[in-house]
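Keep the structure open while reading.

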Amino acid sequence: MFMATTAETSIAAHPKFEPVIGLEVHVHLLTTTKIFCSCSTRFGAQPNTNVCPVCLGMPGALPVLNKKVVEFATLAAMALNCRINETSIFARKNYFYPDLPKGYQISQYDKPLAEFGYIEVPAGGRKIKKIGITRVHLEEDAGKSLHEGFSDSEEKTAIDLNRTGVPLIEIVSEPDIATPNEAYEYLTRLKEIILYTGVSDCNMEEGSLRADANISVRPRGQKEFGTKTEIKNVNSFRFIREALEYEIGRQIDVIESGGKITQETRLYNANEGKTYGMRSKEQAHDYRYFPEPDLLPLVVDEKWKSEISRALPELPEARRARMVKDYSITEYDAQVLTFSKSLADQFEQAAKAAKSPKRVANLVQGELMGRLKAKGISIGQSPISMAGIAASADLVESGTISGKMLKDLYDLSFERSKDFPVIYEEEGRPQQSTDSSALEKIIDEILAANPKQLEQYRAGKRTMLGFFVGQVMKASKGQASPQIVNELLTKKLG
C-alpha cells in the first residue's frame, strides 16, 4: 500500500509510470461589489446579509456586469501572458446544489475572456519550465455550506449566500505539470503574480484563492492520458503537493494490482495524509451549458485593452533581474526581497536613499526579517521603517556605529516600538571610541595574550587579522571604531 511519505523523487523516477497534472485555480477579484449586482463582497459579514434579488436568482431580476471586474480579470490575464479575446460570451452552467439558489452559475465556457498564457517555473537546478495556461475566464462564485458553529450542526447543514455572486476568475493550466513539486512552484508563482497586479488578496483562509488538481498516471512514453481524478478543497499549497504525492502512488498501486481508476472527485485528509472519494466526476456535457440570455457578449477592444495595460506593474521575475543589476545584490537577495510587492517597493526606496544597497539588503534579511519572524508580525507592522534601515546602513557604512551597536539599537527599537532614528537620538547618538592611545593599549594587550595567533599572522596567515579585530571589538564592548582598529592593527603588525 502506498504511503504519503514516499519521496517525490521516487515518484518522478518510477520506471513504468509518469504522472500528468493540471490545475484549476479560482481567484476572487478585489472589487467592492459583486459581479452582477451592487451587493458588498466584504468577507466576514453576518450570514445572508450581503444578498439581493439578483444574486439570489429571484424571478425577473436581471444581472448587470461590473466593469471593474472585467478590468481586473483582463489585467490578471495580461500578467499571465494570455491572449485577450476581443469578444467573450457568458454561459449558464447548470447544476443543482444547496448553495446555488438559481440552479445555475453564470460563467464562461467555449468563448472565454483570455487564452494561451503561461507561467515559467524552476524545474531542477537552473532549468526553467514553461507551464501553459489554457484559459482565464470570468464567473460568479456560489454560496457556502456551513457544517459547524451552530447548535444542531451535527444534524443539519446551514447555507450562507453572502459569497454568491462574488466575482472570480478561473485559471486553467495545461496538463504540463509533471511532478507535485512543479505544481507547488506553479501555484506559488501564480499567487505571486496575482498579488503583484493587486486584483486579489489571494487569502486562502478566506477562500480568495482555491485550487483544484486533476491528476492521472500513464505508462512512460504513452501519449494518451490515463483516467484522471480531481482533488478539491485543499487549503494550502503544501497540502496540495502532499495530496498529489499520495494520489500518484495510489493510482499506480491500483493499476499494478490489476484494477481500474475511477474518474471521480476526491478530498484530501491532511491529518491522515490520504485522499478519499467524494463523488463521481462530472463531464462538461453534464452541466448543459448554454449562452446566458440576459447578458450581451463582452467586448474588450484594443482601446480598452490599452487602457487596462497601463495598470500592469513590473512583474516579479523582471523586477528581480533589474534589482540584481541596479543594486549589485545576489539573485537570492532579489528573490527574498521581492517576496511581496510591498517589501520590494520599500527595499527599493531604502536602497536608493542609502550609500550601500547591498548593506540594506543584508540588514533587511539578517536583522529585520529575523526579528519580525520572532515577533510573529509582518513587514507592515515593523517598528523600523525602510528609511530607518537606510539610515542605520549608512551609520555602519561610515563607521559611526559598529555592527554590535546596530544590533542593540534594533533590539531597543522592537522593545519600545519606535523607529531606528528615534532610538538613535534617545540613546544619545552613541559614539564609537576613536581614542587611538586607548585603542593601542587594548591592541597591545590582545597581541600579548595571543602569541600563537601573532606568530601565524607573521608567518603569512593574513586571515588572522580578522581574529585580532574581533578580539579588540570584544574587549571594547563594541565601542571601538572598526576602521580605526584595522588601521592600528595593520600598522602594529607591519
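Begin with Asp99. Not counting residues up to four places away in sequence, Asp99 touches Ala142, Gly143, Lys144, Ser145, Ile159, Leu161 and Thr164. The model is predicted. Asp99 itself is found in the loop between strand 4 (90-94) and strand 5 (104-108).

Now turn to the nonpolar interior. In soluble globular proteins, nonpolar side chains tend to be buried together. Here the largest nonpolar core has 63 residues. Seven names stand out in it: Leu80, Val136, Leu138, Ile169, Ile171, Tyr186 and Ile194 touch the most other members. Helix 2 (residues 67-79) supplies the largest share of this core, nine residues.

Take Ile194 as a way in. Leaving aside neighbours within four places in sequence, Ile194 is in contact with Val27, Ala76, Leu80, Ile171, Val199, Ser200 and Cys202.

Next come the rings. The count of aromatic pairs is nine. In one of them, the rings of Tyr287 and Tyr289 have their centres 6.0 Å apart. Their planes lie at 70°, so the pair is edge-to-face. Tyr287 has a relative accessible area of 15%, so this residue is buried. Tyr289 is at 22% relative accessibility and therefore counts as partly exposed; the cut-off for buried is under 20%.

Another pair joins Tyr327 and Phe347. The ring centres are 5.6 Å apart and the planes are at 85°, so this pair is also edge-to-face. It links distant parts of the chain. Tyr327 sits in helix 6 (residues 316-327) and Phe347 in helix 8 (residues 341-353), 20 residues apart. Tyr327 counts as buried because its relative accessibility is 8%. Phe347 is buried too, with a relative accessible area of 0%.

Return to Tyr287. Together with Tyr95, Tyr109 and Tyr289, Tyr287 forms one aromatic cluster. Elsewhere, Arg241 lies over the face of Tyr184, at 3.9 Å from the ring centre.

Technical notes
Residues numbered from 1 in each chain as written. Predicted model: local features only at pLDDT ≥ 70, side-chain atom pairs only at ≥ 80, totals over all residues. Heavy atoms only, no water. Helix = DSSP H or I, 4+ residues; strand = E, 2+ residues; numbered from the N terminus. Contact = heavy atoms within 4.5 Å. Core = buried A, V, L, I, M, F, W, Y, C linked by side-chain atoms within 4.5 Å. Buried < 20%, exposed > 50% of the residue type's maximum accessible area, 1.4 Å probe, protein only. Phe/Tyr/Trp six-rings, centres within 6.5 Å; stacked < 30°, edge-to-face > 60°. Lys NZ or Arg CZ within 6 Å of the ring centre and 35° of its normal.
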